Each structure stands twice: as structure tokens, then as C-alpha cells.
Amino acid sequence: MSTRQKDLSDIEDDEALFEELENEEDAEISFMRERRIKEIQQEMERRQAMGENKHGEYSEITKEKEFMDITTSTKYVVGHFFHDDFRRCKIMDTHLETLSKKHYGTRFVKINVANCPFLVEKLSIRVLPCVMAWVDGYAQTKIVGFDDLGGTDSFSTALLELKLTNVGVLKKKEDNTPKVKGSIFQSENNGDSDSDYDY
């Protein structure tokens, strides 16, 4: 075989190899794209179903039975027991309204204590506002008045959010920001004494 034919054969082999690699990459990318499209479709369906169940909004329930059904059949529920004449209940409403839009996975509801005498008695609700949180039908916390929120009318929504997150009824947002490294003179282990460069 002449040198020229050998070079042409090598070039054809290289071209075939490159074409095969491109086809493999296309297949992998295509597979990843299809998988991602399915994930997005499933998330859209889940959000639509949650939207139909009034997730993402703060709704008033007028019937005691309906309130009980929601707390037992929905995975994450925050319920506010209120009275129209209480100014502090209106303050709590503004905070819960804000949280309901931020935490789509949790159902936020409120019920007037005049409409739920059985629950008021059963849950020993004596001070308003009273906010309770349920996970899978089990009560996780009971926030009575503003004592647990700093004892002031001007508490932050973030404080209420923290209380509800700590009991598991709200999910923490995952921090996807890249970790910023410090100076080149700082070690990654931040003072770990097992470093190879102890002087």
C-alpha cells in the first residue's frame, strides 16, 4: 500500500470515528433533552393539580368540616384561626398571604372562629390570632398571638417563615449559588489542622 493510500485510509478512518462520536453525542444530548422535557411536563402537571387545589393562594374556609378535610388530606397545611374584629388577625393575614405566594407546596387557609366552635374547643384556642401547621394531618406547631414572633405587631414575615420552616411545613429553598472561594492564601478546609502545609 502506498503512503498516499495509507494517508487517505487514515483520514477516512478518522472521519468515520468523528462521525461516530458526533452521533453518540447527539444521541446522549437527545436522550437528556427528552428526559428533561418529561421532567418539566410532570412538574407542570403537578403545579396545575396543586393550583386546582388552591395552592399558592391564601383562602378562607367557611365550613368546619371542609377545614378538617383539608388539614387531613393535604400534605402541608398552614391554618389561621381568626376573628374579623381583631386587628392582629389582619396583621397575620398579610404575612400569611405573602408566604402563600412564596411556598407553593403548602396550602394556606384561614377560618373564622365563629364558624368552627368544635375546633376551637378541641384545639383549645383561647388567644387570637392562632396559627397552626399540619404535615400529613398531624399538628406540628401552634403559634398563639405574637409572643413567639417577638411580641410585637411589627414582626417580619421572615421570622414567621423561619418558625414554619423549622417544623417542616414549609420547604427551604435550595441555594444553587456557586460557593465563592476566598483569597488564594486561604485553605479550602478553613483552618483544619490536618493540612499538609503546617508551618
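**Sheet and helices**

Modeller: Strands β2 and β4 run antiparallel and are joined by six bridges. Two strands count as paired if DSSP finds at least two bridges between them; helices (H or I, at least four residues) and strands (E, at least two) are DSSP runs, numbered from the N terminus. This is a predicted model, in which local features need pLDDT of at least 70 and side-chain atom pairs pLDDT 80 or more, while totals for chains, interfaces and linings use all residues. Residues are numbered from 1 along each chain as its sequence is written, and side-chain values use heavy atoms, without hydrogens and water.

Colleague: In which sense do β2 and β3 pair?

Modeller: In β3, Val77 has Arg107 as its bridge partner, and Phe82 has Asn112. Six bridges link β2 (residues 76-82) and β3 (residues 107-112), and the sense is parallel.

Colleague: What is the hand of the β-α-β crossover from β2 to β3?

Modeller: The chain leaves β2, passes through helix α3 (residues 87-102) and reaches β3. With the strands pointing away from the viewer, a clockwise path from the first strand over the helix to the second is called right-handed. This crossover is right-handed.

Colleague: What is the strand order of the open sheet?

Modeller: The sheet has five strands and mixed pairing. The order is β1-β3-β2-β4-β5.

Colleague: How many residues of β2 are buried?

Modeller: Buried means under 20% relative accessible area, exposed over 50%, partly exposed in between (1.4 Å probe, protein chains only). One side of β2 has Tyr76, Val78, His80 and Phe82, the other Val77, Gly79 and Phe81, and all are buried. The strand is largely enclosed by the rest of the structure, because the buried count is seven of the seven.

Colleague: At roughly what angle do the axes of α3 and α5 cross?

Modeller: Contact means heavy atoms within 4.5 Å, and residues including Met92 and Leu96 in α3 meet Leu160 and Leu164, among others, in α5. Axes are lines fitted to C-alpha atoms, for helices over the stretch in contact, with angles from 0 to 180 degrees between N-to-C directions. The two axes come within 10 Å and cross at roughly 65°.
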